[in-house]
Amino acid sequence: MIATLFATFQFDYNTRVVVTGTALLGLASGMVGVFLLLRKRALVGDAISHATLPGVAAVFLVATALGWNAKSLPILLLGAAISGIVAALFIVMLRAGTMLKEDAVLGIILSVFFGIGTALLRIIQQLPTGSSAGLESFIYGKTANMIAEDAYLIGGAALVVCSLTLALSKELKLLCFDTTFGQSQGWPMTLLDLVLMGAVVTVVIVGLQAVGLILMIALLVIPAAAARFWTHRLSKMLIIASLIGAVSSIAGSLASAYFPHLPSGPAIVIAAAILFLLSLFFGSIGGVLGQVVRRRSHRRETNHQHVLRGIYEILEARDRAPLQRGLLRSDEISVQALLGTRSWSLSHVRKILQQLVARDYVVAHSPELYTLTASGIRAAISATRQHRMFEFYLQHQAEISAAGLDRTADFAEHVFDDDMVAELEQIFASQLAPFEVPPSPHPIDGVGVPASFRGGAM
Amino acid sequence: MNALLGELSFAWQWSLDGWIGLAGMLCAMSAALLGCFLLLRRMSLLGDAISHAVLPGIAAAFLISGSRSSAFMFIGAVLVGLLTVWLTEAARSFGRVDEGAATGVVFTSLFAIGLVMIETSASHVDLDPGCVLYGDIEMIPLDLISLGGWQVPRVVAILAVVFVINCSAVIVLRKEFQITTFDAGLARSQGYSPLFMHYLLASLVAITSVCSFEAVGNILVVAMFVVPPATALLLTKRLGPMIVLSLIFAIIAAWVGHISALVVPRWFGFQSTSTSAMMSVIAGLMLLLTVFFSPQHGLVVKFLRRRGMAGAILAEDILATLFRSSESGQDAMDLTSLQRKLLASGFWLRVMLKRLQWRGEIALDGSSIGLTAAGVQRAQNLVRSHRLWEKYLSSETDLVDGRLHVQAEGLEHFTSRQIREQLDQETNRPAIDPHGKKIPPESQ
C-alpha cells in the first residue's frame, strides 16, 4: 500500500499539484488561524468565506454587462476580495460601534452577505448568456481538478501571508493578548486588526475556489485549535498549527487520490479532525489523557497522605509518636484502628496500604498489621505537620471554628504547591523546630484525645 | 409608490404569495424567538453550525432507511443536531477549547463526514446535498395537504407546529430560560439545571433548523436566528420587549423580503429573485438602520450628540474669550483674531457666532464682535468658574502651574452655580486666581 501511495505521489502530475497546493494552503491557514483563535475569533473565516459570495456574483453581473469574460479568475478573485474586505470592515465596525458580541456579529455578516449573494446568483441564472456553473465551483471548490496555476496562486498567497504574519508576529501577539496595552503604547491596533483580517481574506479567497467553503473554514479553525493542546508558546504554536494544517492537507489529498470515491476536500477536513482528536486526548497541555493521569496521581497522593497521617495520629494518641531520627520502624498499627480515623471502607484502606508498601513507606507484618519504615516515618511526620500548621493558620487567620478546622484543612492542603508550603513554614518558623509536629488544635476522630493535646497551645 | 403597487399587483397572487409570505413569517418568528436566548448566551452561530452539521444525519437516515422519507431524515437530522451541541460542549469542557473554535471544529468535521458518506456510498443514487438539505420557499404552494377541509401547504402546517412548540416552550419555561441565561450560578443554587435548559434550547434550535431547511432553505433560518434579535438588543435592554421587537422585525423581514424579491429585480429588467435570500437581506437592512439611527446608541445619534457638545463648548469659549478681551480693555474682536485665539475651524466658528447672535448674547457691528449684556452675564460665570477651578486645583492638588489652565478649561463647561458656590467657599472666597487675575462676581 505504501508503495502504491508512493507511486501515486511519484508519478501522477495532477496529484502532485493538488498535494502541493493544499499543503501550502494548510500551512498558511494554520498560521493565520492561530492568531484568530487567540483573538477569540476562530469563526471569522466562516463569516468571511460566506461573505465572498455577493462580491463574486456582483462582479460576474457587472463583467457580463460590460461584455467581458465574466468567468476569468482574476475578475472573480477581485470580486471575492472586495466583498471579503467589506465584510471584514463591517465586522470591525459592528464590534467597535455596537455592544453586539463576536458570535452575533459574525452570524449577522455571514447570513446577510450570503443572502445578498444568493439573491444575485438567482438573477445570474436568468442571464441568457451563461449558466452560473462556473460560479458554483468557484464557491464550493474543485480540489480534484486543481491545476498548476491554482497551486502557484495558492503558493504565492501562502508565502505573502506567512511572511506578513511572521514579520508582524510580535505586534499581532500584542493584538491578541492585550489590545488596551497596545493602544496605550501607541500601536495602531485597529490597523493591525485590519491587517489580520486582510490575511484571512487573502487565504480564504485563494483557498475557496481551490478547496471549497467548509474546508476553508475547517483549515482556519482546526489546526490552530489542535495546536493549542501542545504548547503555551506562540512561536511553537505557529509551527505546530502550520504543520498540522500541511500534514492533514497532504494526507487528505493522498487518501483522495488513493480511494477514487473519496473527495479530497472532506478527506482533508477528516484528516485534520483526526489530528485534532489525537491532540485532544494525548496533547501535552490540557489533553484529556494528561488530565486524567494528573487527577489520578493527585488522588493517590491524597490517599497516601491520609493514611500516613492516620497512622501517625494513632501512634501519637498512644504516646508512641515516631521521631524524625533514629527509628527504622514504628510501632505496629492494625487495619481496624486505621479504619476508625476516616469514613472509608476496609478494602479501600487495604488498597492504599498496598500502594504504600510498594512505595516502601510501610511494611506489612501480617495482612492486619503494618509498621512505618524510616522513609514512611518522615513522610507521615511531614504530612501531619503540614496539616496542623495549616489548621493553626486557618484558626487564626480565617477564624474557622475548631470543629470545622479538620475538614477545611483537608480540602485545601492537597492542592498546596511548594511556594505555599514554604510560606507556611516561614510563618511558623519561630514557633516550630524543623520536623517538629505541633499538637492538634482539635480532638481527632477515631483515636480519642491525644495525650499531647493541650487545647491549641499556639 | 403607485408604480410600485402597480408592479406588485402584476406579480402578486394571494393564493401563492400569501402562503410564501406566511411560511417565511412562521419560520422567521420561530427562529427569532429562540435567537433571543441564543444571542444572550453567545451561541448565535449555533443555527449556522447545525445547518451544516446535520448532513451526516440526513445521509445516515437515507442509507439506513433507503428512502427519502421526511420522517427518517428529520429524526436523523435532529439527532445529529443534538450531537453537534454535545460534541461542542464536550470539546469546550474537557479540552477547554474556545467556544467559537469548538463549534467550528465540530460542524466542519461533521459536514465533511456527511459529504464523504454521500459521495462514497450514495453517489449512484439520487442524493444531492443541495436538494436534500435545502428546500425552496417558492415551491411551497405546490405541495398542499388537507387540514379540516382546508387546502394548506404542508410546509406552512409544519412551520406553524414548530412555532407553537417554540412559543409554548418559551412561555412555560420563561423563568427557567431567563435565570439560566443570565446567571447560571444562581440558577444552579436555586435548583434549576442550566445544562438541561442548554440542551432543551439546542433541541428546539435543531428542530426549528431542520424543519426550516427542508421547507425554506437554510439561509433564511440562519439569518433569523441572529439578525432580528441583534436588532432588538440594540434598541432595548429588557428581555420581554426584546422578544416582542425581534418577532416584529421577523414579521417585517418576511413580508417586505418577499415583496422586494418580486419587485426589486424588475427595476433592473430581471425576473423575481430568491425570496428567502431577500428576507435575510431586509433583516440585515433593518439592523444597519438600527446601528446608525437607534435613538440611544445609534452611530449617527452619537455623532450628532458629540458634535452638539463640541458646538456648545465652542460657543462658551467664544463668550469667555470676548469677556477676557474686554477685561484688557478691548471690547470687540474681529473674526480672524477670534479664530486665531480659539484654533477653531472657520465654518463651525461662524455657525456658533450665528447661534450666539440669535440668542442675543453677542452683537455684530461690522466686522467687530462684542458681548451684549446677556452675553456678559453668561461669560462672567464661565470665567468665574474657570478661575475658581484654577484656585481650587492649585491649593488642593499638586498639579504643576501649566496644567492648571488646561484642567480648568475643561471643567468650566460643566460647572453649575452650586459647584461655583462650593468652590468659592472651599477656597475661602478668593479675589484673584493663581495667575493674579481678578475672579469676577457671580452674575444674576
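Predicted model: local features only at pLDDT ≥ 70, side-chain atom pairs only at ≥ 80, totals over all residues.
**The contact of the two chains.** Begin by displaying chains A and B together; 44 residues of chain A and 49 residues of chain B take part in their contact. On the chain A side, select α4 (73-97), α5 (102-124), α11 (213-227) and α13 (264-282), each of which contributes at least two residues. Keep α5(A) highlighted, as this helix provides the largest share of that side, 15 residues. Colouring the chain A side by class gives 30 nonpolar, 9 polar and 5 charged residues.

**The nonpolar cores.** Next, select I109(A), A23(B), A28(B) and M224(B), the residues that touch the most other members of the largest nonpolar core, which holds 204 residues. Then centre the view on A23(B): leaving aside residues up to four places away in sequence, its contacts are I137(B), I140(B), P153(B), V155(B), V156(B), L159(B), A215(B) and V216(B). For a second, separate core of 24 residues, move to chain A and select A317(A), L353(A), V362(A) and A380(A), which are among its members.

**A helix pair in chain B.** Finally, show α18(B) (residues 373-396) with α20(B) (residues 417-426); their axes lie 10 Å apart at an angle of about 40 degrees. The two helices are therefore oblique to each other, and their crossing is left-handed. Display R384(B), S385(B), L388(B), W389(B) and Y392(B) on α18(B), and R420(B), L423(B), D424(B) and E426(B) on α20(B), to see the residues that make the contact. By class, these comprise 4 nonpolar, 1 polar and 4 charged residues.

Terms used
Residues numbered from 1 in each chain as written. Chains lettered and ligands numbered in written order. Contact = placed C-beta atoms within 7 Å. Helix = DSSP H or I, 4+ residues; strand = E, 2+ residues; numbered from the N terminus. Nonpolar A, V, L, I, M, F, W, Y, C, P; charged D, E, K, R; others polar. Core = buried A, V, L, I, M, F, W, Y, C linked by C-beta atoms within 7 Å. Buried ≥ 20, exposed ≤ 12 C-beta atoms within 10 Å, placed from the backbone. Axes fitted to C-alpha atoms, helices over the stretch in contact; angles between N-to-C directions. Parallel < 35°, antiparallel > 145°, perpendicular 65-115°, else oblique. Left-handed = near helix turned anticlockwise from the far one by under 90°.
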